[in-house]
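This briefing goes through one protein chain, topic by topic. Keep the sequence and the 3D view at hand while reading.

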Amino acid sequence: MPVAVKDVVRLLCSISDQKKMRVPVQPSNKSAQLLVTGAVVGSFLGGSPGLIFGGVLGGLLGAGMKDEPFKPVYKILLELSHARQQKLFDKVKAVIWNLDWMDNVELMDLVMRSERLQRQLEDVLVDFIKAELKTDVQFGI
């Protein structure tokens, strides 16, 4: 019953997508960065009037950029370092190792047909995110 880390991550991505799991993200400072960049470039190109124009233009561009307040868990899982994916894999093994399956396809089918297994893996995933990423998981519509 060999299973690769990437296959378990894919399985957890499916579960998290199905349950619409997401985590809150910190707002970025992109709008402030654009304002400052616009002001600096404007001042180089147009002096004092360029400073004002560049700052206003950069501020307007930054205000138009809206960061999503939440990020889907499946995206978080795909962005994890290999070491963190391995750590998550080790936690998932406790749930799946006693199951009777022959390959990754059969494991995926077995889990997706069982609400109990999905719930167990969901709990492992939520605990991992809370412990490792220090954030809460929300379930959306």
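Of the contacts in the chain between residues at least 6 apart in sequence, 77% join residues at least 24 apart. The model is a predicted one. The chain has 141 residues, of which 34% count as buried.

**Overall layout**
- The chain contains six helices and three strands.
- Read from the N terminus, the order of elements is α-β-α-β-α-α-α-α-β.
- The accessible surface of the chain is about 8,900 Å², and carbon and sulfur atoms account for 59% of that surface.

- Three strands make an open sheet in the order 2-1-3, and the pairing is antiparallel.
- Strand 2 (70-72) and strand 3 (138-139) are the edge strands; each has a single partner strand, so one side of each has no neighbour in the sheet.
- Strand 1 (residues 21-24) and strand 3 run antiparallel and are joined by two bridges.
- In this pairing, Met21 is opposite Phe139 of strand 3.
- Helix 6 (residues 115-132) packs on the sheet, where it touches strand 1 and strand 3. The direction of helix 6 makes about 10° with that of strand 1.

**Salt bridges**
- The count of salt bridges is 10.
- One of them pairs Glu122 with Lys19, with 4.0 Å between the closest N and O atoms. Glu122 belongs to helix 6 and Lys19 to the loop between helix 1 (5-18) and strand 1, so this pair ties together parts 103 residues apart in sequence. Both Glu122 and Lys19 are buried.
- Lys87 and Glu132 form a salt bridge through their side chains, at 2.6 Å from N to O. Lys87 sits in helix 4 (residues 82-96) and Glu132 in helix 6, so the pair links parts that are 45 residues apart in sequence. Lys87 is partly exposed, at 38% relative accessible area.
- Arg119 and Asp123 also meet in a salt bridge, at 3.9 Å from N to O. Both are in helix 6, and because they are four residues apart, about one helical turn separates them. Arg119 is partly exposed at 45% relative accessibility, and Asp123 is partly exposed at 34%.
- A network of salt bridges links Lys19, Glu115, Arg119, Glu122 and Asp123.

**A nonpolar surface patch**
- Val36, Val40, Val41, Phe44 and Leu45 form a nonpolar patch on the surface; together they have about 540 Å² of accessible area.
- Val41, one of these residues, lies in helix 2 (residues 30-64). Val41 has 41% relative accessibility and counts as partly exposed.

Conventions: Residues numbered from 1 in each chain as written. Predicted model: local features only at pLDDT ≥ 70, side-chain atom pairs only at ≥ 80, totals over all residues. Heavy atoms only, no water. Patch = residues over 30% accessible without salt bridge, like charges linked within 9 Å, V, L, I, M, F, W, Y side chains within 5 Å. Areas by Shrake-Rupley, 256 points an atom, 1.4 Å probe, with all protein chains shown as cover. Buried < 20%, exposed > 50% of the residue type's maximum accessible area, 1.4 Å probe, protein only. Pairing = 2+ DSSP bridges. Contact = heavy atoms within 4.5 Å. Axes fitted to C-alpha atoms, helices over the stretch in contact; angles between N-to-C directions.
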